[in-house]
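Biologist: Put the model up, please, and take me through the parts you would check. Start with the terms.

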Amino acid sequence: MNEQIKSTCCYCGVGCGLLIETEDDRIVGVRGDPGHPANAGRLCTKGASLHLTARPDCRLLHPELRRQRLLPRQRVDWEQALEHAAERFAGIIAKHGPDSVAFYISGQLLTEDYYVFNKLAKGLIGTNNVDTNSRLCMSSAVAGYKQTLGADAPPCCYEDIASSDCLLIAGANPAVAHPIVFRRIEDARAANPALRIIVIDPRRSETAAVADLHLPLKPGTDIALYMGLLHVLLAEGLVDRDYIAAHTEGFAALEAAVAAFPPAVVAETCALAEAEILQAAHWFGKANAALSLYCQGLNQSSHGTHNNAALINLHLATGQIGRPGAGPFSLTGQPNAMGGREVGGLANLLSAHRDLANPEHRAEVARLWGLPSVPEQPGKAAVELFAALRRGEIKAVWIACTNPAQSLPDQSEVRAALQAAEFVVLQEAYANTDTAAYADLMLPATTWGEKEGTVTNSERCITHVTPAVSGPGEARPDWQIAVDFARRLGARLQQPLTGKLFPYTNPEEIFNEHRESTRGRDLDITGISYALLDTAGPQQWPFPEGARRGRRRLYTDGVFPTPSGRARFIAVEHRPTAESTDDNYPISLLSGRLRDQWHGMSRTGTVARLFNLDDQPLLSMHPADLRQRGLTTGEVVRAGNPRGSIHLRVKADGTLPRGRAWLPMHWGSQFMNSAGVNALTLSTCDPYSQQPELKHAAVAVARAELPWQLVILRKAGAGDLAALALLARARTLLPDFTFASVGLYGRDEPLVVFRAAHAEALPETRLLEIDALFGLGADHAAIVYADHRRQVSKRALAPDGKLIGIRLAGETQAQSWLKEAMADNTLDPELIRWALAPIGRRPGRLPQRSRIVCNCADVSEAQIAADLEASATLAVLQEKRKCGTFCGSCLPELRQMIASQARHSATGAVG
């Protein structure tokens with residue numbers, strides 16, 4: 001019998017509500033929850049595909065332990081695993097002190113999980129060495145809010161997008177990274193054509209393409225731009241002097257600093273036109289309601305906190321805060337980064353937005369936990385934590401639900417740190433992340449659809465999620481693993497209060513304790529319970545006891561949680577990027593997200609259809625930069641700097657300014673033979689937030705002299721399951737080549753796609769071994785071509801006239817059309833002979849692949865046209881094809897096609 005369970009999406013911080021469909025303790029479908037305030041039923045491609053990730057393949061199913069570093073891990077039971085972990089941690093703590101161990105956790109955890117880890121480290125062990133991957137994405141937003149507004153509290157809500165008449169999007173690409181927010185932007189523009197959209201981004205992103213004004217500033221010049229905008233606002237009398245006088249402090253110092261940033265100076269500094277700066281200032285300053293949306297482009301900088309503060313200064317100077325449609329709105333990068341911040345899941349925080357450096361706050365937490373004290377020694381933030389691991393200062397690290405061997409900057413140092421550690425625990429749902437190679441103990445955790453707890457999204461909205469199915473194998477909830485370990489460790493440390501510290505038998509008990517810790521704080525949720533969330537739906541904080549509902553907007557009364565009650569202007573200073581380009585490293589490398597992938601792809605990388613838009617790592621560069629280096633799209637290059645190098649293909653992108661390159665962040669060692677973009681990024685951090693500058697690095701790009709190329713396309717059978725097994729085997733080949741990448745492609749019968757390049761040809765014997773690995777060795781169905789003089793060797797497998805696999809070595813022109821034809825099953829038996837021909841275009845008799853209109857549901861223009869010929873309406877298309885029912889980005893084109901068909905039909909009828 002099918003059931004529907006309410007939950008949330010586990011990707012970005014929008015916090016979209018889901019309805020999970022289950023059958024026989026299996027997740028078989030998902031759809032958007034029309035009653036959830038975050039998304040009203042809409043989902044992006046990733047969210048709409050979540051059910052396809054809910055299977056045991058690639059999951060870690062049992063605890064695994066190795067007692068010596070060079071030995072493989074072996075399966076053990078939970079008793080052995082946790083006893084060993086407790087023994088190792090207790091021994092290290094006894095010998096080296098509590099600060100010799102650390103915990104590195106994740107914005108993917110639920111709030112209850114976070115709370116237990118925080119208490120385990122700071123309460124039981126007595127170390128503040130607990131940090132999270134939220135340090136990499138949101139800590140500058142946290143510090144920016146606290147410096148200016150007094151608390152880590154986004155003052156806005158999603159409804160403000162519809163109420164704004166000037167939308168400034170800075171360092172964010174919601175069209176890709178927050179698609180459901182982008183749909184709200186599209187809706188707002190449709191309802192109000194006068195809405196002005198300004199996008200500030202060094203590249204012409206998908207969001208910038210719909211902007212009324214795009215400011216492609218030079219990387220690292222954000223502060224100069226915002227100071228320049230404020231200069232114009234002051235010069236033209238567009239600031240709100242009354243609001244400044246009544247509700248803020250520190251403006252005089254900022255006003256004096258702004259004098260050094262006239263438009264002409266800013267235009268030169270930022271590589272912008274002076275008229276563009278003036279236009280942006282006029283639109284923002286004259287707006288009835290100005291709203292800013294910002295994300296990693298501001299945060300992931302060595303001056304990210306002041307990037308945030310400089311933007312917030314604009315809102316305070318114009319009084320654009322605390323009312324509908326106005327305010328600085330930080331978009332959260334992960335589904336529960338907000339929840340982690342709420343419980344003190346960073347090395348400098350304590351529960352309920354308390355500061356570790358504040359003695360009163362430490363005393364309050366100690367009383368709440370029933371302890372004499374909590375440690376005052378500052379903990380190590382993410383980058384420094386792994387540097388200390390490398391130095392041997394930290395001996396053991398417990399990593400939960402994150403992948404530092406892919407996501408942290410300067411990967412050669414991070415991986416060396418993990419290798420140097422005495423003991424590494426990885427608590428993880430997936431068995432094959434890059435970090436897993438360094439784990440001495442792996443503990444299987446439950447994940448999306450299997451857990452109970454709460455999450456908080458970007459607009460401070462808390463949702464209670466309940467499990468739809470049981471966890472696979474021996475997987476346990478994260479909070480339960482941490483509690484079990486804490487009790488065992490407490491016994492070894494002879495901590496008599498362990499039982500009182502960790503009495504929990506279910507996540508609701510943890511939530512209730514967390515809730516009490518917020519009493520009287522800025523995020524007071526004493527009026528919220530699991531029961532309320534289940535009956536009344538998700539709620540925004542603050543929601544104190546006795547309130548009827550949470551607060552949509554903050555600071556509506558102009559009172560801020562600072563000692564004076566006033567917001568603070570910060571007199572920021574312009575600083576360049578931490579690393580400048582020069583003659584040796586002349587390219588500014590930018591990084592960002594793809595629409596259909598997530599973080600390190602441990603989940604999304606198991607779904608073939610999510611590769612259809614971007615199926616390999618590509619370095620985008622301006623065509624002139626490629627020509628200067630004698631390169632064309634598709635060639636393999638080496639991108640490098642003193643920290644490392646990677647090999648990958650390039651593509652021309654005329655929307656990038658010269659001297660800038662762009663590479664998605666997702667690809668790591670599971671899909672290419674390097675650590676990806678973070679092999680090149682640097683570990684320089686913002687001094688206030690300790691967030692590293694992941695968004696920019698200086699690199700050199702040159703042709704890689706790898707003349708011999710290899711491409712393998714192989715169908716593994718219906719569905720993703722067989723493809724995943726083949727993908728795992730194909731990954732073993734990645735280290736064998738100077739350049740190599742592997743991924744999936746297609747839909748119902750996915751392809752595994754392997755690409756490689758080398759300085760010299762492989763011997764035929766090695767090619768035959770690779771053929772066997774891919775199941776291409778059957779001679780009775782094989783078509784073979786060899787030209788030994790040109791070092792060309794090709795082999796296709798076509799049983800019963802159906803091409804199921806091909807290996808092209810030495811000459812690979814046909815790879816693109818073959819990939820599409822195999823995915824579409826459009827290669828007729830009589831055309832299979834063309835598969836081995838050196839042609840880069842489809843044979844004339846092979847039908848051209850129809851353009852995809854709906855990427856979410858993989859629906860082509862030809863399919864839609866055929867349905868419209870049969871008089872299908874939009875409702876019929878949505879029901880039959882599911883197009884337009886997910887992220888909705890195809891709806892404008894669907895409506896155009898329907899209108900065009902109606903005109904054509906009417907003309908035909910008249911005729």
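Modeller: Buried means under 20% relative accessible area, exposed means over 50%, and partly exposed is in between, with a 1.4 Å probe and protein chains only. Helices (H or I, at least four residues) and strands (E, at least two) are DSSP runs, numbered from the N terminus. This is a predicted model, where local features need pLDDT of at least 70 and side-chain atom pairs count only at pLDDT 80 or more, while totals for chains, interfaces and linings use all residues. Residues are numbered from 1 along each chain as its sequence is written, and side-chain values use heavy atoms, with hydrogens and water left out.

Biologist: Fine. Which residues of α16 are buried?

Modeller: In α16, residues 359-369, the buried ones are H361, R362, V365, A366 and W369. They cover an arc of only 140° around the axis, so they sit on the same side of α16. The arc is taken from the directions that run from the helix axis to the C-beta atoms.

Biologist: And which residues are exposed on the other side of α16?

Modeller: P359, E360 and R367 are exposed there.

Biologist: Next helix. Which residues of α11 are buried?

Modeller: P263, V266, A267 and C270, in a helix that spans residues 263-270. Down the axis of α11 they fall within an arc of 105°, so they line one face of the helix. The cover over them includes α8 and α12 (274-286). A271 follows α11 and has a positive phi near 60°.

Biologist: You mentioned α8. At what angle do α8 and α10 pack?

Modeller: About 100°, with the axes 9 Å apart; α8 is residues 222-235 and α10 is residues 251-258. The two are therefore roughly perpendicular. Axes are lines fitted to C-alpha atoms, for helices over the stretch in contact, and angles run from 0 to 180 degrees between N-to-C directions. Under 35 degrees counts as roughly parallel, over 145 as roughly antiparallel, 65 to 115 as roughly perpendicular, and the rest as oblique.

Biologist: Which residues in α8 and α10 meet?

Modeller: From α8, M227, L230, H231 and L234; from α10, F251, L254, E255, A257 and V258. That contact has 7 nonpolar residues, 1 polar and 1 charged. Ala, Val, Leu, Ile, Met, Phe, Trp, Tyr, Cys and Pro count as nonpolar, Asp, Glu, Lys and Arg as charged, and the others, Gly among them, as polar.

Biologist: Change of topic. Where is T456?

Modeller: In strand β19, residues 453-456. T456 is buried, at a relative accessible area of 2%.

Biologist: Which side chain does the side chain of T456 make a polar contact with?

Modeller: That of E342, at 3.1 Å. A polar contact is a pair of N or O atoms within 3.5 Å; within protein, one must be able to donate a hydrogen and the other to accept it, and residues adjacent in sequence count only if both atoms are side-chain atoms. Not counting residues up to four places away in sequence, T456 also touches others, including T111, P335, M338, C461 and W541.

Biologist: What is the peptide bond from W541 to P542?

Modeller: Cis, with omega near 0°. P542 is in the loop between β21 (539-540) and β22 (567-568).

Biologist: Last one. Is A38 buried or exposed?

Modeller: Buried, at 1% relative accessible area. A38 sits in the loop between β3 (26-32) and α1 (45-48). Leaving aside neighbours within four places in sequence, its contacts are V14, G15, C16, Y158, I180, R184 and N457.

Key: Contact means heavy atoms within 4.5 Å.
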